[in-house]
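Here is a colleague's note for your first reading of this model. Keep the structure open beside you and look up each residue as it comes up.

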Amino acid sequence: MDPADLHSYLTACRGDRTQTEVATALGVSQATISSWESDDAAKRVLPRAKRLAAVADAYGADLSKLRDLWHRAAEADGGRSEQVADVA
C-alpha cells in the first residue's frame, strides 16, 4: 500500500473500522467508500472536493494531506474526477 496515493491513504486512515462504519459517518453508501478506496483504477472515483473536510473527519485523516493527494489524483485521472461517486 502506497500512502502517497489517495485511495491507499484513505484505506490506511480507516484502520480497523469497516467501510460501512465510515459510510454511515459520512451519510453515503458502503459502495461509495469502496469506490474511493479501490485498487482498480478503472473503478476508482474521487470524493467530491466540497466534502473533503467531512471525509478527513470521518477517516481521521489530515485534511491538508488529503487535499494534496486529492489534487494529485484529480490531475492524474484526465478529468475523470468530474464523474465522482458521492451517493447515499
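**Notes on the model**

1. **Glu37 and its place.** Glu37 is found in helix α3, which covers residues 30-37. Helices here are DSSP runs of H or I with at least four residues, strands are runs of E with at least two, and both are numbered from the N terminus. This is a predicted model, in which local features need pLDDT of at least 70, side-chain atom pairs count only at pLDDT 80 or more, and totals for chains, interfaces and linings use all residues. Residues are numbered from 1 along each chain as its sequence is written, and side-chain values use heavy atoms, with hydrogens and water left out.

2. **Is Glu37 buried or exposed?** Glu37 counts as buried because its relative accessible area is 7%. The cut-offs are these: buried is under 20% relative accessible area, exposed is over 50%, and partly exposed is in between, with a 1.4 Å probe and protein chains only.

3. **Which side chains make polar contacts with Glu37?** One is Gln19, whose side chain is 3.0 Å from that of Glu37. Another is Tyr59, joined to Glu37 side chain to side chain at 2.8 Å. A polar contact is a pair of N or O atoms within 3.5 Å; within protein, one must be able to donate a hydrogen and the other to accept it, and residues adjacent in sequence count only if both atoms are side-chain atoms. Leaving out residues up to four places away in sequence, Glu37 touches His7, Leu10, Thr11, Arg14, Gln19 and Tyr59. Contact means heavy atoms within 4.5 Å.

4. **The whole chain.** The protein chain has five helices and zero strands. Its pattern along the sequence is α-α-α-α-α. Of its 88 residues, 40% are buried. Now take the contacts with a separation of 6 or more: 63% of them come from residues 24 or more positions apart.

5. **Helix α1.** Look at residues 6-14. Seven of the nine residues of α1 are buried, so this helix is largely enclosed by the rest of the structure. The buried ones are Leu6, His7, Ser8, Tyr9, Leu10, Cys13 and Arg14. Their cover includes α2 (19-26), α3, α4 and α5. After α1 comes Gly15, with a positive phi near 60°.

6. **How α1 meets α5.** Two packed helices are described by the angle between their axes and the distance between the axes. For α1 and α5, the axes come within 9 Å and cross at roughly 150°. Axes are lines fitted to C-alpha atoms, for helices over the stretch in contact, and angles run from 0 to 180 degrees between N-to-C directions. The two helices are therefore roughly antiparallel. Angles under 35 degrees count as roughly parallel, over 145 as roughly antiparallel, 65 to 115 as roughly perpendicular and the rest as oblique. Leu6, Tyr9 and Leu10 in α1 meet Lys65, Leu66, Leu69, Trp70 and Ala73 in α5. By class, this contact has seven nonpolar, no polar and one charged residues. Ala, Val, Leu, Ile, Met, Phe, Trp, Tyr, Cys and Pro count as nonpolar, Asp, Glu, Lys and Arg as charged, and the others, Gly among them, as polar.

7. **Leu69.** This residue sits in helix α5. Leu69 is buried, at 4% relative accessible area. Leu69 and Tyr9 are 60 residues apart in sequence, but their C-alpha atoms are 8.4 Å apart in space.

8. **How α4 meets α5.** The axes of α4 (residues 52-59) and α5 (residues 63-76) come within 9 Å and cross at roughly 125°. The pair is therefore oblique. Leu52, Ala53, Val55 and Ala56 in α4 meet Leu63, Leu66, Arg67 and Trp70 in α5. The classes in this contact are seven nonpolar, no polar and one charged.

9. **Leu26.** Find Leu26 in helix α2. Leu26 counts as buried because its relative accessibility is 9%. Leu26 and Ala54 are 28 residues apart in sequence and 7.0 Å apart from C-alpha to C-alpha. Beyond four places in sequence, Leu26 touches Ile33, Trp36, Arg51, Ala54, Val55 and Ala58.

10. **Asp40.** Asp40 lies in the loop between α3 and α4. With a relative accessible area of 34%, Asp40 is partly exposed. A polar atom of the Asp40 side chain is 2.9 Å from the backbone nitrogen of Ala42. Asp40 and His7 are 33 residues apart in sequence, and 9.8 Å separates their C-alpha atoms.
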